[in-house]
Amino acid sequence: MTLKSRGLAIEVDPQKCIGCSCCTLACSFHHGREFLPEKSSVHILFDEEGGVHARVLPSCDLCLKEKRALCIEFCPVGAVSFKNRSAS
Amino acid sequence: MTNYYGYAGKILFVDLSRKKTWVESIDRYLPFVGGRGINLWLLFNLVGRNVEPLDPENVLVLGAGPMNGTLAPASGRLSIEFKNLITGGVGSANCGGRFSAEMKYAGYDHIVIQGRAAHPTYIMIQDGQVHFREASDLWGRDTWTTDRMIKEKEADPQISTLTIGPAGEKLVKYACIIGDRGRAAAYGGNGAIMGSKNLKAIAVRGKSAPVRVARPDAFMERLRVFREQVFEKSTAVRIHREGGTLGIYFLGGENRPHGVKNLREEFWSNSSIQNVTRDKFDPFMIRRHSCFGCPVYCLAIYRVKDFLCEGIQANSVRAFGSNMDVTRAEDVLHAHGLCNQYGLDTDQTSATIAWAIECFEKEIISPKDTDGLILRFGDGNCVSQLINKIVRREGLGDILAQGVDEASQRIGRGSEELTGLVKKASIMEQGMRSHRAWALGIVTSTRGVGHLRGASVLEFQKIPPEISQKVLQIEDIVNPTSYQNKAALVVWQERYKGIIDMLGLCIIPSMWADITLYTLDDIAGLLNDLTGKSYSVKELQGCGEKIQTLERAFNLLHAGLGRAHDMPPKKFVETPVHEGIFKGESIDLEKWNQMLDEYYDLHGWDRENGWPTKNTLSSLGLEEVVFRLAEEEIPIR
C-alpha cells in the first residue's frame, strides 16, 4: 500500500515558510538527480510583502524511493510535512 | 555533447548599442573556475586601459559559480565586475537573491553587458531568448516598483531582477545595483554605470537548463552530513537566523569598536547601542526571508513609515546609527530603506553624509551651502533629507552625489582633513584603530575599501592559537591590537574570499564568521562531487590567489595603484580611540609598513611598489598579464 493510496500528501505551512525554495530544489533533484525548479513538484512564490503561495503538483510521488521525502528533509524551518488528505 | 557538470557552459554577450547578442562557450575561461574569477578575466580582456567607467565601452559582467542553483547551503550569490567609477580600478560587487540560479537555469554562467542603449531599456533573458524592452515607463521608479512592474509586464512572478533606482539614473557616484528588490550589490558605482548605459533592469527566468551533478548521490550525501553535522550545530548560523549580522554585531556592546560620527571616534556607549539592537527593529518586521536555496534566512522584510524594505544588517546600523549617532531604530531603518529603494550603497552614502555633517559642525559649510538645512549628528531626519537631496541632485546634494573625494576637493577649506579615503573611496567601518588584520584587509581591498576582501571576523573572536594553527596554519591571532601574523591572516582571507566568490557562495555562513563553516575540505569535497573534477585544497587556494593578484594587476594597469595607496587615512593614525577598552589605540605607521612588507612577500608582490612580479604572475598562469603590462610599459619586476 503506497503513501498516496493511504491518503497522504505534502503540505507547506505558509506561516513557517521563509521562501528559500530548498524544498523546490530538493524535489527537482528527486525527480532527475539534477537541479531545475521547473521539474519540481513543489513551487513556492514569496511575494514582496512576505506572503507565501505554495503549490504542490500532482507529479509529487511523496519520494517513495528515497529514505525520506527530500522536501521535508531539506526545509530548514520545518514548514513542509505530510498531511492526511482525508483530514483536510 | 560536453557534460558541464555544475555549469551551464555558456557566456552570453549583450551589446546594448547594436541590440545584438551572441554566445561563447565557457571552456577557455574555466581555469578561473567561475563567478568573480571568470568575470574578472572577461573584464581584464574586454576593457581597455583608457576606457572611462561611464563610457559605453565599460562592461558589466554578471557571474554565477558552479554552486549556484544547487542545494549547497548559502549558494545564492551573484558576482558583478566592471571598471570602478570611484577608484578607476577593478569594480567588484556581489549580491544574494535568486538571479545567479535563474541565470544558470536560463542557460548562462556569465552575462556580459556592453554598449549604451539609445533609450531607457530593460533586458529580459528567458531560456536562450534575449529581449530588449522599452523602459521609459520604468525610468524614475524605485527598485521595488521596477521589480514589480517587470513581473507584471512579463506576467511571471518568479522572474529575478537586477535593477537601478533613481540614484543610478542620476549617476550618483555610489549608486548600486539592487538584486530582487532588497539585495544591494554595492561598491564601485555599478548603479551609475548601469544608468549610463540607459539600462534600467536586467530580468532573467530559466526553465530549461538544469544544473547537472557529476556524482549526484555522493553530492547529496555530503550535503546531508554538512548540513546536519556542521551547519545546524553552528552558533553563528543560529544567531544569523535570528537577526542577520546585526544579531552578532552588538553582542559585544560597547566592548567592541564602532564607527562613530564620521569615524572620528570608535567608542559608542551601551546607552546608545541599546536603542538599535536587533530586537528594536522587530516591531517593523513583517517576516524573515531568505536568499534562494539558503537555509540561513538572515534577512527580513520590514515596513517603515510608508514603504517596504529588506534587511537590516549590521552595516546599515553602523552607517545610519553609530556613524550618524542616531539612536532611533525607525530612523536608521528609514535611511536604510531609502537607500534600498533609490539604489544607493549604504556605506558610501553614510560616509558622505557623515563627512558633510562634520564639515557643518566645524563651520566649513554653513546653512548657505545647505539650503538652510541644519546638519547635525544624532538627527535622523537630517540624514533622510540629505539622502533625498543626493538622489535628486539638489543643492548640496549635487556635490555630495560625487562622493567625498570630489566633494572635498570642490569645497576645500580644510574639509579634506575630515575625509577617510583610500583609493578615492571612503572607509565606513569600525576597528580601524584597534584591529590590525581588519584594518589591513580594508585598506588593501582591491575594490577600494570594505571588509569583504582580506578583513576577517576571526580577529574579533579570540580564536585559540592551537585552533588557528591547525585550521589556518597561522600561529596566533588572538590579540587584535598585535601586528604579529596579521598579514598572514589577511592573505589567507583574501584567498578564501576569492574561492567563495568564484563558486557563488555567501561569505556570511563561512569561515569568515565561524571557523567550522565551509572549511576548504568541505568546499573541495562538494565542488568535486558536483563537477567531477579533483580540486585539492591547495589548488583552490591557488585559484583564490590568482583572483587577488589579477585584481591587483588590473588596479595597476588601469589606475596606477600600488603601495602608496595601501596607507591608512590620517585620522586612524593621529586620533586614537578616546574611550573604552581600546582607548589610546591607533595605527602605528612603522608597524603598518612592516605588516605591508610581510603582506607583499606572502603574495609574491614587490615590496617597493606593491605590484605583482613577473614570476608571481607567471606561476599563477597569468603570462598574458605580464605581456599586457609590458605592452603598456609598466615596469613590473
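Two residues are taken to be in contact if their C-beta atoms, placed from the backbone, lie within 7 Å. The structure is a predicted model, in which local features need pLDDT of at least 70 and side-chain atom pairs count only at pLDDT 80 or more, while totals for chains, interfaces and linings use all residues. Residues are numbered from 1 along each chain as its sequence is written, and chains are lettered from A and ligands numbered from 1 in the order in which they are written.

Chain B contains 23 helices and 18 strands; helices (H or I, at least four residues) and strands (E, at least two) are DSSP runs numbered from the N terminus. The radius of gyration of chain B, taken over C-alpha atoms, is 23 Å, close to the 26 Å given by the globule rule for 637 residues, so chain B is as compact as a globular protein of that length. The globule rule is 2.2 Å times the number of residues to the power 0.38. Along the principal axes, the C-alpha atoms of chain B fill a box of roughly 70 × 60 × 55 Å. Of the 637 residues in chain B, 62% are buried; a residue is buried if 20 or more other C-beta atoms, placed from the backbone, lie within 10 Å of its own, exposed if 12 or fewer, and partly exposed in between. Among contacts in chain B with a separation of 6 or more, 69% are between residues 24 or more positions apart.

Chain B is divided into domain 1 (10–205), domain 2 (244–426) and domain 3 (436–516 + 536–631), with bounds that come from an automatic or database domain assignment. The C-alpha centres of domain 1 and domain 2 of chain B lie 26 Å apart. Between these domains, 34 residues of domain 1 are in contact with 30 residues of domain 2. On the side of domain 1 that touches domain 2, helix H3 (143–154), helix H4 (166–169) and strand S10 (177–179) of chain B are the elements that give two or more residues. The largest share of that side, three residues, comes from H4(B). The residues of the side of domain 1 that touches domain 2 divide into 18 nonpolar, 11 polar and five charged; Ala, Val, Leu, Ile, Met, Phe, Trp, Tyr, Cys and Pro count as nonpolar, Asp, Glu, Lys and Arg as charged, and the others, Gly among them, as polar.

S10(B) also belongs to an open sheet of six strands in chain B, with the order S8-S7-S12-S9-S10-S11 and mixed pairing; two strands pair if DSSP finds at least two bridges between them. Strand S8 (129–134) and strand S11 (183–185) of chain B are the edge strands, each pairing on one side only. On average, neighbouring strands of this sheet are turned by 20 degrees against each other, direction ignored. Within the sheet, strand S7 (residues 121–126) and strand S12 (residues 199–205) of chain B pair in the parallel sense over six bridges, and B:Ile123 has B:Ile202 in S12(B) as its bridge partner.

In chain B, strand S15 (residues 299–304) and strand S16 (residues 307–311) pair in the antiparallel sense over five bridges. B:Arg303 stands opposite B:Leu308 in S16(B). The two strands form a hairpin with two residues between them, and B:Lys305 in the turn has a positive phi of about 50 degrees. Elsewhere in chain B, B:Phe360 lies in helix H11 (residues 346–361) and counts as buried because it has 21 C-beta neighbours inside 10 Å. Leaving out residues up to four places away in sequence, B:Phe360 touches B:Ile365, B:Thr370 and B:Leu375.

The contact between the chains takes 23 residues from chain A and 28 residues from chain B. On the chain A side, helix H1 (22–32), strand S2 (34–35) and strand S3 (42–46) each supply at least two residues, and the largest share, five residues, comes from H1(A). The residues of this side divide into 13 nonpolar, four polar and six charged. S2(A) pairs with strand S13 (residues 211–212) of chain B in the antiparallel sense over two bridges, where A:Phe35 has B:Val211 as its bridge partner.

H1(A) is mostly covered, with nine of its 11 residues buried, including A:Cys22, A:Leu25 and A:Phe29. The buried residues of H1(A) pack against strand S1 (8–12), S2, S3, helix H2 (70–74) and strand S5 (80–84) of chain A, together with helix H6 (216–229) of chain B. H1(A) is followed by A:Arg33, whose phi is positive, near 55 degrees.

Conventions
Axes fitted to C-alpha atoms, helices over the stretch in contact; angles between N-to-C directions.
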